[in-house]
Amino acid sequence: MIDRMYLSPSRYVQGRAVLSHLADYTTRFGDTCLVILTAGGARRLSDVLEKAQADAPGQRFVIETFSGECEMGEIQRLTDIAQREGAELVCGIGGGKTLDTAKAVAHYAELPVVVAPTAASSDAPCSALAVVYTPDGGLDQLLKLRRNPDVVLCDENVIAAAPQRLLAAGIGDALATYFESRQVWRTDSPNFTGTRVTLAAQAIAEKCYETLVADAYQAYLAAGKGVCTKALANIIEANTLLSGIGFESAGTCGAHPINNGLSACPETAGRYHGELVAFSLLAQTVLFDEGEEQFWQIASLLHAVNLPVTLAELGFDQGISEEELDLVARIANGDGDIHKGTRQVEEADVKAAVLAADLMGAAFLAEDGD
């Protein structure tokens, strides 16, 4: 019987200009590679891909434009292309939906997959999960894949050039990793695999938090200028690898379920996942009685990188309605992960935590001079 399980990509590679050497990491799987990326990504990275192809004449890159939505019709279309072209592996280059689509195509085509995020905006690249949407943008399913990506490539030059707000969103998502997983292992609850949390996963989640505290602000400033400093390189790894392993192998608890509820409100349309998770982490801090000092520490780090600490900053300019608060609480409380924490949770508790976190966030901003 399995007691503990730890998940991770087979290989994680990070450095400057690593995408220019893409074939170094794809040829081991075969000669024909289906490369999936958006039309905009293809334009921005044309020189990089041309160099990669020129350096590996024996490798055939089949470039296919991604529609922009990770939905079953698009996944099937790309799977058909992979099979028709005789692809021996799939490579996804871009944002979360592009990477999830590539992972899903590789899953159904039973091929290896290489993913290359163009921003450090979430911890999804390393996971054995793909979020699949309906054609109209609603959630379809959380597709559990047979394995994690074979290779994750993080090109520091490409990621440094991404919008600063994307890096901040990744910081918000990554910051929740330690605090959510800490709730899970305090109660000896199961992780995503349904097994206990390994010591390795705990250590990685803690290192993720330590890195964010040490380097997030410096990295955010560097990203604003497109400069890849050591601090930014550390945060790329924290947002992508450390948080990726941390959430999957150590588990999630309150912030992500509350995020799911907030994302169902029209006011949050256009907000990045990590921005919603950031405020939701503050609500989790209240929900599980982590104390005021912990709240202020988290709020300070979030505010330093321009992440929301109040509902108004998420788009609720007129406040959150009772109906929306009920919706948030119902969705969050219906997620089993929120019940892995150190206290029993009901919908009323979620509502109170969201409102209290908003009030405390406003008090923090007032004290900070904003």
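1. Start at the hairpin of strand 6 and strand 7, which has five residues between the strands. Gly137 takes a positive phi there, near 95°. Strand 6 covers residues 129-133 and strand 7 covers residues 139-144. They run antiparallel and are joined by five bridges. Val132 has Gln141 as its bridge partner in strand 7. Helices (H or I, at least four residues) and strands (E, at least two) are DSSP runs, numbered from the N terminus. Two strands pair if DSSP finds at least two bridges between them.

2. A word on the basis. This is a predicted model, in which local features need pLDDT of at least 70 and side-chain atom pairs count only at pLDDT 80 or more, while totals for chains, interfaces and linings use all residues. Residues are numbered from 1 along each chain as its sequence is written, and side-chain values use heavy atoms, with hydrogens and water left out.

3. Six strands stand in the order 1-8-5-4-2-3, with parallel pairing. Strand 1 (11-15) and strand 3 (60-65) are at the edges, each with a single partner strand, so one side of each has no neighbour in the sheet. Neighbouring strands are turned by 20° against each other on average, direction ignored. Axes here are lines fitted to C-alpha atoms, for helices over the stretch in contact, and angles run from 0 to 180 degrees between N-to-C directions.

4. Look at one pair in that sheet. Strand 2 (residues 32-37) pairs with strand 3 in the parallel sense, over six bridges. Ile36 stands opposite Glu64 in strand 3. Helix 4 (residues 72-84) lies across strand 2 and strand 3 and runs at about 155° to strand 3. Helix 9 (residues 230-250) also packs on the sheet, touching strand 1 and strand 8 (151-155). The direction of helix 9 makes about 155° with that of strand 1. Contact means heavy atoms within 4.5 Å.

5. Which helix does helix 7 cross at roughly 35°? The partner is helix 11 (residues 273-287); helix 7 covers residues 164-186, and the axes come within 7 Å. The crossing is left-handed, meaning that the near helix is turned anticlockwise from the far one by less than a right angle. Among the residues that meet are Ala169, Leu175 and Phe179 in helix 7, and Val277, Ala278 and Leu281 in helix 11.

6. Thr177 also lies in helix 7. Is Thr177 buried or exposed? Thr177 is buried, because its relative accessible area is 3%. Buried means under 20% relative accessible area, exposed over 50%, and partly exposed in between (1.4 Å probe, protein chains only). Thr177 touches Asp123, Ala205, Ser243, Gly246 and Phe247, not counting residues up to four places away in sequence.

7. Now the interior. A nonpolar core is a set of buried Ala, Val, Leu, Ile, Met, Phe, Trp, Tyr and Cys residues joined through side-chain atoms within 4.5 Å. The largest has 100 residues, of which Leu232, Ile258, Leu262 and Val354 touch the most other members. Apart from it lies another core, of 24 residues, among them Val18 and Ile93.

8. Last, two backbone points to check. Asp289 is not a glycine, yet has a positive phi of about 50°. Asp289 lies in the loop between helix 11 and helix 12 (292-304) and is exposed, at 62% relative accessibility. Asn306 has a positive phi near 65°. Asn306 lies in the loop between helix 12 and helix 13 (311-314) and is exposed at 60% relative accessibility.
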